[in-house]
Amino acid sequence: MGMPSLFCRVQIVAVATLVYATGTSVSVGAAQQASCNALELVEPGGPRYNALVCQGVESMDRNEYENAIRWFEDAMSIRLPDVPNFKLFPRLALAYWRSGKQDKALENLEKARLSLLMLIGTYKCQSTPNSFLLVDPLGDVVDGPQVADIRRRMCGAAYENYYGYTEGPFDDQLLDRFLGDARLVENYLVIARTITQSVK
């Protein structure tokens with residue numbers, strides 16, 4: 001009972017502070033430095049990615065959804081060092097939704113859901129001789145039209161220790177990470193509810 005009511009109480013604040021978190025404008029060509037406070041920024045090793053995220057956030061704030069899609073898609077195409085590139089799926093879904101592209105919005109929303117279930121350790125990558133499978137906690141294979149992209153984006157030896165909370169150190173650093181992941185999940189839920197409630 002406590003958890004649903006918590007999500008209800010924070011939805012308005014979350015929309016204002018998470019989905020639209022932004023700062024001053026950014027130029028991708030010059031310094032390639034992030035100048036916004038978006039949840040999806042990555043540190044270290046992602047200056048170009050971060051600059052693209054901030055440019056997309058700024059475009060969203062100006063209701064320039066096609067431009068935002070272009071910036072976010074460019075950011076999603078970057079391979080980040082030691083970190084899977086998945087955090088922008090909810091924001092990208094919202095940009096597509098606001099541009100009137102419902103199918104693309106729902107596609108990215110499903111990718112967001114799958115990737116966040118991997119992030120928290122519910123779904124896992126299982127290696128096969130030729131590739132990877134995505135499996136649920138019972139070991140059953142997760143299937144669907146967006147699974148192949150999530151496997152390609154999030155499976156591999158470099159990312160094995162990135163998911164879930166079974167690796168130490170078990171201290172405030174882990175709690176900080178959990179809080180950051182919880183904010184990503186909350187942001188997804190706010191956007192998912194906004195989109196699914198609008199589906200006719």
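**A tour of the predicted model**

Of the 200 residues that make up the protein chain, 43% count as buried, and the coordinates you have open are those of a predicted model. If you then display contacts with a sequence separation of 6 or more, 55% of them come from residues 24 or more positions apart.

Next, select helix H4, residues 89–98, together with helix H7, residues 172–198, whose axes lie 9 Å apart and meet at an angle of about 25 degrees. Because angles under 35 degrees count as roughly parallel, H4 is described as roughly parallel to H7. The crossing of these two helices is left-handed. To see what makes the contact, show side chains for Pro90, Arg91, Ala93, Leu94 and Trp97 on H4, and for Asn187, Tyr188, Ile191, Ile195 and Ser198 on H7. Sorted by class, the residues in this contact are 7 nonpolar, 2 polar and 1 charged.

Now move to helix H6, residues 147–154, and select aspartate 149 within that helix. Aspartate 149 has a relative accessible area of 13% and is therefore classed as buried, since the cut-off for that class is under 20%. Finally, leaving aside residues up to four places away in sequence, show Phe89 and Lys111, which aspartate 149 touches.

Terms used. Residues are numbered from 1 along each chain as its sequence is written. This is a predicted model: local features need pLDDT of at least 70, side-chain atom pairs count only at pLDDT 80 or more; totals for chains, interfaces and linings use all residues. Side-chain values use heavy atoms; hydrogens and water are left out. Axes are lines fitted to C-alpha atoms, for helices over the stretch in contact, and angles run from 0 to 180 degrees between N-to-C directions. Helices (H or I, at least four residues) and strands (E, at least two) are DSSP runs, numbered from the N terminus. Angles under 35 degrees count as roughly parallel, over 145 as roughly antiparallel, 65 to 115 as roughly perpendicular and the rest as oblique. A crossing is left-handed if the near helix is turned anticlockwise from the far one by less than a right angle, and right-handed if clockwise. Contact means heavy atoms within 4.5 Å. Ala, Val, Leu, Ile, Met, Phe, Trp, Tyr, Cys and Pro count as nonpolar, Asp, Glu, Lys and Arg as charged, and the others, Gly among them, as polar. Buried means under 20% relative accessible area, exposed over 50%, partly exposed in between (1.4 Å probe, protein chains only).
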